[in-house]
Amino acid sequence: MVRTVADSPKVHKKRLREKRTISQMVAIFCKDHHDAAVCEKLAYCGEVVCPECLFLDTYAVKRTDQCRTMEAKTTCEACGNHCFSPEQRAAIREVMRYAGSRMLKRHPIAAIRHLTKR
């Protein structure tokens, strides 16, 4: 699906940041849970991930790209319009639970921005 309405510069920047942050979380989860030998694909953030995590990364980035409420969005949980399928929502929730605290060490600025929703 192609976005028909262009984002304002502020929303565009927020959307790019959200995509990079979720991709970084997927990469952290993958690095700690999957064999490095199968991690040969590049995630949106530029880090290597396994094919399974690449699918989740691509899915999350696509859904973030298509989010209709990005301008006023705080968190996906608080949004009335759930973009993720139940299966993918469970997977991304697991990734975020694991990688959230580890983001402070690996990507501190992204983690703080994500927590403050800036």
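## Salt bridges

The structure holds three salt bridges (a side-chain nitrogen of Lys or Arg within 4 Å of a carboxyl oxygen of Asp or Glu). This is a predicted model: local features need pLDDT of at least 70, side-chain atom pairs count only at pLDDT 80 or more, and totals for chains, interfaces and linings use all residues. Residues are numbered from 1 along each chain as its sequence is written, and side-chain values use heavy atoms, leaving out hydrogens and water.

Arginine 15 pairs with aspartate 7 at 2.7 Å, N to O. Arginine 15 is buried, at 4% relative accessible area (buried is under 20%, exposed over 50%, partly exposed in between; 1.4 Å probe, protein chains only). Aspartate 7 is partly exposed, at 24%.

Aspartate 65 meets lysine 19 at 3.2 Å, N to O. The former lies in helix H2 and the latter in helix H1, so this pair ties together parts 46 residues apart in sequence. Helices (H or I, at least four residues) and strands (E, at least two) are DSSP runs, numbered from the N terminus. Lysine 19 is buried, at 8%; aspartate 65 is partly exposed, at 31%.

Glutamate 47 bridges to arginine 106 at 2.8 Å, N to O. Glutamate 47 sits in the loop between strands E1 (41–42) and E2, arginine 106 in helix H3, 59 residues apart. Arginine 106 is partly exposed, at 33%.

## Helix H2

Helix H2 covers residues 51–65. Its 15 residues should span 21 Å, and its end C-alpha atoms are 21 Å apart, which agrees. The expected span is 1.5 Å times one less than the number of residues.

Buried residues of H2 are Cys53, Leu56, Asp57, Tyr59, Ala60, Val61 and Thr64. Their cover includes helix H1 (9–33), strand E2 (48–49) and helix H3 (86–106).

Technical notes
Contact means heavy atoms within 4.5 Å.
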